[in-house]
Amino acid sequence: MTGFGKGEATCGDKKFRVELRSLNSKQLDLSVKIPSKYRAAEAEVRAIVARELQRGKVDCFVSFETSVVETSAHINAAAFKAYADELRKVCDDSLVAANGDSLLMAVMRMPDVVTTEEQEVSDEEIRAIVAATEEAAKQLDAFRVQEGAILIADLLKRIELIEEYRRAVEPYESTRVEVIKNRIRENIQKLSIDVDSARLEQEMIFYIEKLDITEEKVRLDNHCNYFREVAATEDAPGRKLGFIAQELGREINTMGSKSNEANMQRLVVQMKDELEKIKEQVLNIL
């Protein structure tokens, strides 16, 4: 979900620039910084970013530059002249010399001499900001698509590794059964007691059935296939891939608890290691 996009649009003598920066986040966390005079465009800017980017911690910066000097402050000439005449008259009547600089500073501080006019924002300027925002969002989305393709390829490689480790477990399953049976018989022999061999075989079968991981292997294969399907077909697969990764973890953990064999447990640890990397990377997928 990380990325950067920049868009520009011109309206008269003004050039508007919109920059978008995105980091990972479970929801859309949007911060917009826009000149106060163009606050009217903020709602539309937010709507565009929310529609195009959907998720992420997004910072949006709107700025503009112009070749014409602009100021919202204006001097009321009539008020200036009236105050200046009054001050000169008071100074003459009081026999006080009126210094030009001091008189100017005094007049400028008087009420209504300097006024601020609210400048109207044209529809063309709003449209220019919207166009720049759309361009920036498209650039950021293209950046995400490129990064996402690389991440998806990496995730699928790790799914393949998990499947390889799962297949590598199978040779140890049959040998594990004989090892467990022999261990049980040796422990019984050490107790030096008479045991019904038929009942013993029956109990061992029940015990070994509890250690069977066939169901876990089947479900693990299904989850891996579903992971590939979602990654290939969904437009925004991040959350669903995260849910599938959780299900993969359940099956791998169950296999580990049932393994009861050193080589199998080693392979389970390797599967867990790849799964943790998958969970970390999935957070970067929209």
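Predicted model: local features only at pLDDT ≥ 70, side-chain atom pairs only at ≥ 80, totals over all residues.
Residues are numbered from 1 along each chain as its sequence is written, and side-chain values use heavy atoms, with hydrogens and water left out.

Let me start with the chain as a whole. Its secondary structure comes to eight helices and six strands, where helices (H or I, at least four residues) and strands (E, at least two) are DSSP runs, numbered from the N terminus. Read along the sequence, the pattern is β-β-β-α-β-β-α-α-β-α-α-α-α-α.

The radius of gyration, taken over C-alpha atoms, is 37 Å, whereas a compact globule of 286 residues would have one near 19 Å, by a rule of 2.2 Å times the number of residues to the power 0.38. Along its principal axes, the C-alpha trace spans about 135 × 40 × 20 Å. Of the 286 residues, 34% count as buried, which is to say under 20% relative accessible area, with exposed meaning over 50% and partly exposed in between (1.4 Å probe, protein chains only). As for contacts, meaning heavy atoms within 4.5 Å, residues 24 or more positions apart account for 79% of those with a separation of 6 or more.

Now to the aromatic residues. A search of the whole structure finds three aromatic pairs; rings of Phe, Tyr and Trp (its six-membered ring) pair if their centres lie within 6.5 Å, and planes under 30 degrees apart count as stacked, over 60 as edge-to-face and the rest as tilted. One of the pairs is Phe-16 with Phe-64, which is tilted, at 5.9 Å centre to centre and 40° between the planes. Phe-16 lies in strand 2 (residues 14-23) and Phe-64 in strand 4 (residues 56-66), so this pair ties together parts that are 48 residues apart in sequence. Phe-16 is buried at 1% relative accessibility, whereas Phe-64, at 27%, counts as partly exposed.

Phe-64 also pairs with Tyr-38, and here the arrangement is edge-to-face, with 5.3 Å centre to centre and 80° between the planes. Because Tyr-38 lies in the loop between strand 3 (28-33) and helix 1 (42-53), while Phe-64 is in strand 4, the pair ties together parts that are 26 residues apart in sequence. Tyr-38 is buried, with a relative accessible area of 1%.

Gln-54, in the loop between helix 1 and strand 4, has a positive phi of about 65° although it is not a glycine, and with a relative accessible area of 45% Gln-54 is partly exposed. Lys-217 is found in helix 6 (residues 214-233) and is buried, with a relative accessible area of 12%. Leaving aside residues up to four places away in sequence, Lys-217 touches Arg-166, Glu-170, Glu-173 and Met-255.
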